[in-house]
Amino acid sequence: MRKKTVKLAVVMTMIAALLITACSNNGGGNTGQGNPGTNNPGQTAEGGDGGKGSQELVTLRLLVMETGTKWNNYPDSEVAKAIAEKVGVKIEYVEADENKFNVLLAGGDLPDIVRADGNKYQKQLIEGDLIIPMDDMLAEHGKDITANIGTVVEFSKKNWSNGTGNLYFLPPQVQPKPGETVKPITIGPTIRWDWYKEIGTPEINTMDDLLDVAEQIVKNHPTTEDGKKVYGFSMWQDWGLWAYQIPPVTFTALTSSTSDMAQTEVGGSEFISTLTNDKSNFWTAMDFYNKAYRRGLLDPDSLTMKNNDYMAKATAGQIVVGPATWAMGDFNAQHTSDGKGYIVVPAGKLAWYGGVQPLGWSDKTYSISKSSKHPEKAMEFLNFLFSYEGSRIMYNGVEGKHWNKVDGKPVLTDETLQLKSTGGIPFESTGLSLDRNLIGLGGDVIDPNDGQPVDLFGAPEALVKAATPLEKDFAEHYGATYSGEVFKKLVDEGKLIHWASWMDGMSDDEILKRNTVPGVTLTEEWKKTEGLLVELATREAAKVIHSKTEEEFEKNKAAAIKAFSEGGADAFTEYYNQENKRIRMEHGLE
Amino acid sequence: MSNPASAPPVRRRRATDWKDVAFNACNYFFLTVLIIVTIYPFYYILIYSISDPIEAQKGVYLWPAGFSLEAYKTTIGLPGIRDAAIVSLGRTVIGTVITVFCCSFFAYLITKHEMPFRSTIYRFVLVTMYFNAGFIPWYLTMKAYGLQNSFMLYLLPSALVGFNVILIKTFIEQLPASLEESAKIDGAGYVRIFTSIVFPLSMPIIATIAVFAAVGQWNTWFDNYFLVSDPKLQTLQLVLYNLLNQTSNLSNLTSEQLTRGDLVRTMTPQSIRMTITMIVTLPIVLVYPLLQRYFVKGIMLGAVKG
Amino acid sequence: MELAHAAKKQHQPPKSGLFRKDGIKLLLMALPFAAVAFAFSYVPLFGWIYAFFDYKPGIPLSQTPFIGLENFRLMFDDPRMGPVLINTLALSLLSIATAPIPVLFAVMVSEVRSGWFKRLVQTTSTLPHYISWVIVYSLAFSMFSTEGAINAILYKLGISDMPVNVLGNYDRVWTVQTLLLLWKSVGWSAIIYLAAIVSIDSEQYDAAKVDGAGRLRIIWHITIPNIMPTFIVLLLLSISNLLSAGFEQYLVFTNAIVADRIEVLDLYVYRLGLITGDYSYSTAVGIFKSVISIVLLFSVNFLSKKFRGQGIV
């Protein structure tokens, strides 16, 4: 009896397994991974004849190297429908992390379009014969590309073609000139506005001033309303050296280019070593955090916490000064009615706006895979992304529905603005600005047809209308109409610079020339040195910050600098400067 | 103390044996401490998952912070989750049966010393426990076998696991040899002996292997991630993993939310993580106690003595 | 005495060539399984060849430069390899040292008379196994951070003024991590031992009770020896797994203060992989690990044969 049941069970299992296999095996042709939400691969259409308004949609699968994208959740969004109408394609994302990407590369199973770091993967993609050059298709299917981002095309042919001189990669978010309006600033000293007002919004010119401000505030408010301890400053550890490199920028106006280990002034070209030169952001941060520690202003968990934990503390209102608005958890969202909240206040030397990206976001470049059955359609889609019409649709939706022409000027409807501030699924399902990586032109690029930024959400009227009570209060306090204007005024008065200030007075050509010089690309050897230095820095930082006295700090600092030097920091900087000079000479800049 | 030959084999009633009591007391005490230490974390996850996601960030200890089933609604309402659950259930049940059968039968064969090259084959299989050639060769191999987008991918590669084989073999070797010998004398073949004697008597270890295999199957998602894109074959784990990624991805926030610092969200990655853990673990926790009845002695010794 | 002998009942090799042709039958039955093992575990090993080339996924091997043993040389020349291996060995050995604890736990559970309590303990003790390390970290943080529950309790009880920084303690990292690992795995590992205990011949117990043995003596002379073979097997397997100290656990628990001590081999290789994208190097390390593990396996097997009279393979 026993053995019969066992045998029977085994046989049934086999049959069941075979049945399920038979039902679901479809020849193993599809690779990559689609979200379960989209079950309709779509029918294929005839070849590249424009397909505008045709009934048959071509599905293009697009590989993205991010996880957690939402594009596939809304296959019927307004934007998706517009794309279908104008280009005749349906876009389906395929997510891949680095491991999966490697696997797809090895197996030659890339989907129609690939979005990846062109600089990093050009050798593998081109030598492996996995992507096709776009040159021949530009004339017929890429007119907007040639017209709108000609310089990028040239740059790509020169630097992202593995030496072949063909066009393979196109980056999104191309923005050759700085924008004309200032959106709300997100990075900089982010202070509890109500507490800061209480002490009279004193000026913050140096990081020491920041310490004083925090100290005053903590004295007034040692605990939150819930009785939790309030800290002047805190940090999270899982973003590498971010906490040491970025917050000081407002005060030092030093920045990195292609490597965290070398820094220079905004717009400069002489690099100093981040780790061995004590004027760098890193050492400014060390000094700052150590003083904060010694004055009891630093959260004791700073050196062990992760980003999630930091945001939790921020949500609870336990932090006085943060590094950015998006780091402060859900605090602002919970206090929209009572005027409490975190906002970036003017400080130091730099206001964090005005960036230009003449070469777009070069780590998200698009290329067309060799195995694609619809290369012309893919080209047309990419062209759409780089056209003014297409970019505007991606940002702001459909004319007549989400925005209208008022006296010849495109203006967003109040409904759309309202939808955006509520956010959540109702806004996401429209598809508006759902994936900025998928938009070819930067939001602040001016559309020559109507003089407005491509992304109407960045137009002054929209910004004023979208301001939260907190932002309004902030703007009023400094005598402006919207929060960004506060900083703009200070820049105009010469008190602050922004990211593009060094380009003031330069001709457009000059700006382009200076901004399209490639940065230094590290060899594998140097990348390894850099990586190990970063790790070393993280560890040394912990020791330095926890120095209990000034003498101890100096001692630990000297020891750290010695360790960094031995780890190759100086050699690295030397190599970096040499390479940089060489590249600049090649491009006629020195 | 007493003479085994003369004393009746009846359990004598002793007056309260304080040693016994002390032993029991210690035992219960430590085990209770253990229960608390292992159940509290799980309880924490439970109350976190039913807390309001934003409030929960401020700290959850003994009670939920606020109350919200939003995370559960979001998770259970995912498109395709019902099918994914069925796929996961299918691979768990079928995969476990296959693994249990293959490992136990193979282990049994390996205990037979009369097999030529016995130890070679055994070592051949065992050593695979330490092989891991990396994602790329694994992917290319599975693709070459035609297992891409196939349900069999979930079942075949895990059929023979060296670790299970060792465990079962060790166990079988401790069974009295006389059982098998008497069956052989009766004329039974190897397969018959396996199914009617060895397998039933090995129930405890078989149940153990079944638990390992089932939990493994239930939790595996990477074969799905790399090789299966057919929506009908998605596993529960992968669907949930995608959800978690979407919630965690900062860049998913509209630029407006980023710039205004109004992280206007109703869900946090932590809440989703806790909810997912509950959804995935609860079935296991409910089924496991039912399997414990297999952890009993097999119907064994009566047959031998008689 | 009888008690000890009663514990060992081994399969004896058959007496003569009575079953010779049966041997072939057995072999034939076993071959399909070996084939499965071959197909799914040996065949992918062709990928080991990538370790000897400067392989970049996408570019066919034929167009890739051959670098021979370069990766292995890099591995041995790497100054960080030494500390990393020490961390790995330390954590693995500590974990092996805690191996008797699941046994102890299994024995304790088996001694419980109450059925429902037994099942409760068995079920709850396995719960930590299902909790991912990421969540374990969140839990640990909520309990052990300077604002966490433990510090709050210590403060209230007046035991200490300064908060205890468990997660950021360099000196105690190995202990803390080992205890965490123990908590997570004790219930799960005990399942095997419970299965072994449950199969012990009740005859042995009866005989011992008749002899008048007390509970502790019974445990020591019957229960333990009966599960010894299983314990030895698992112990030897753990030893051969020495280089695989774990990965996810240390990935989540690493921070600036403890990084030096918590970086194990798998974590180090992972980080290097992220920085350099050097797939062939990771493959080389994989080969190294496999080879060492197999060597260890057969070494301990040999030693076991010498000292115990039988090995595990």
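Analyst: Leaving aside residues up to four places away in sequence, Trp71(A) touches Ile91(A), Tyr93(A), Leu434(A) and Asp435(A). The model is predicted, and every value here is computed from it. Trp71(A) sits in the loop between strand S1 (58–64) and helix H2 (78–87) of chain A. Although a loop residue, Trp71(A) counts as buried, because 22 C-beta neighbours fall inside 10 Å; the cut-off for buried is 20 or more. Two of its partners, Ile91(A) and Tyr93(A), fall within strand S2 (89–95) of chain A, which is an edge strand. A residue in another part of the chain gives a sense of scale: Ala542(A) is 471 residues from Trp71(A) in sequence, and the two C-alpha atoms are 40 Å apart.

The sheet to which S2 belongs comes next. It is an open sheet of five strands in chain A, ordered S2-S1-S3-S12-S4, with mixed pairing. S2 and strand S4 (131–132) are its edge strands, and each pairs on one side only. S4(A) is joined by two bridges to strand S12 (residues 365–369) of chain A, and these strands run antiparallel. Within that pairing, Ile131(A) is placed opposite Ser369(A) of S12(A).

Helix H4 (residues 118–127) of chain A has Gly118(A), Tyr121(A), Gln122(A), Gln124(A), Leu125(A) and Ile126(A) as buried residues. Their cover includes S4 and S12, together with helix H3 (98–107) and strand S3 (113–116) of chain A. Just after H4(A) comes Asp129(A), with a positive phi of about 55°.

Two further loop residues of chain A have positive phi without being glycine. For Asp407(A), phi is near 55°. Asp407(A) belongs to the loop between strand S13 (403–406) and strand S14 (409–412) of chain A, and this residue is exposed, with 5 other C-beta atoms within 10 Å. For Thr201(A), phi is near 40°. The loop holding Thr201(A) runs between helix H8 (193–198) and helix H9 (207–220) of chain A. Thr201(A) is partly exposed, because 16 other C-beta atoms lie within 10 Å, a count between the limits of 12 for exposed and 20 for buried.

On the scale of the chain, the assignment divides chain A into domain 1 (43–176 + 360–457) and domain 2 (187–352 + 495–505 + 515–584). Trp71(A) and the residues it touches fall within the bounds of domain 1 of chain A. The C-alpha centres of the two domains of chain A are 34 Å apart.

Chain B has 16 helices and zero strands, and chain C has 15 helices and zero strands. The radius of gyration of chain C is 25 Å, well over the 20 Å given by the globule rule for 313 residues, so chain C is more spread out than a compact globule. Its C-alpha trace spans about 75 × 70 × 35 Å along the principal axes. Of the 313 residues in chain C, 37% are buried; for the 306 residues of chain B the figure is 48%. In chain C, residues 24 or more positions apart account for 69% of the contacts with a separation of 6 or more. In chain B, 74% of the contacts between residues at least 6 apart in sequence join residues at least 24 apart. Chain B is divided into domain 1 (18–69) and domain 2 (80–248), and 34 Å separate their C-alpha centres.

Chains B and C meet in a contact that takes 79 residues from chain B and 78 residues from chain C. On the side of chain B, helix H1 (18–49) is one of the elements that give two or more residues, and H1(B) gives the most, with 15 residues. The residues on that side divide into 52 nonpolar, 18 polar and nine charged.

The buried residues of H5(C) are Pro102(C), Val103(C), Phe105(C), Ala106(C) and Val109(C). They cover an arc of only 165° around the axis, so they lie on the same side of H5(C). An α-helix has 3.6 residues a turn, so residues three or four places apart point the same way.

How values were computed
Residues are numbered from 1 along each chain as its sequence is written. Chains are lettered from A and ligands numbered from 1 in the order in which they are written. This is a predicted model: local features need pLDDT of at least 70, side-chain atom pairs count only at pLDDT 80 or more; totals for chains, interfaces and linings use all residues. Helices (H or I, at least four residues) and strands (E, at least two) are DSSP runs, numbered from the N terminus. The radius of gyration is taken over C-alpha atoms; the globule rule is 2.2 Å times the number of residues to the power 0.38. Two residues are in contact if their C-beta atoms, placed from the backbone, lie within 7 Å. Domain bounds come from an automatic or database domain assignment. Two strands pair if DSSP finds at least two bridges between them. Ala, Val, Leu, Ile, Met, Phe, Trp, Tyr, Cys and Pro count as nonpolar, Asp, Glu, Lys and Arg as charged, and the others, Gly among them, as polar. The arc is that of the directions from the helix axis to the C-beta atoms.
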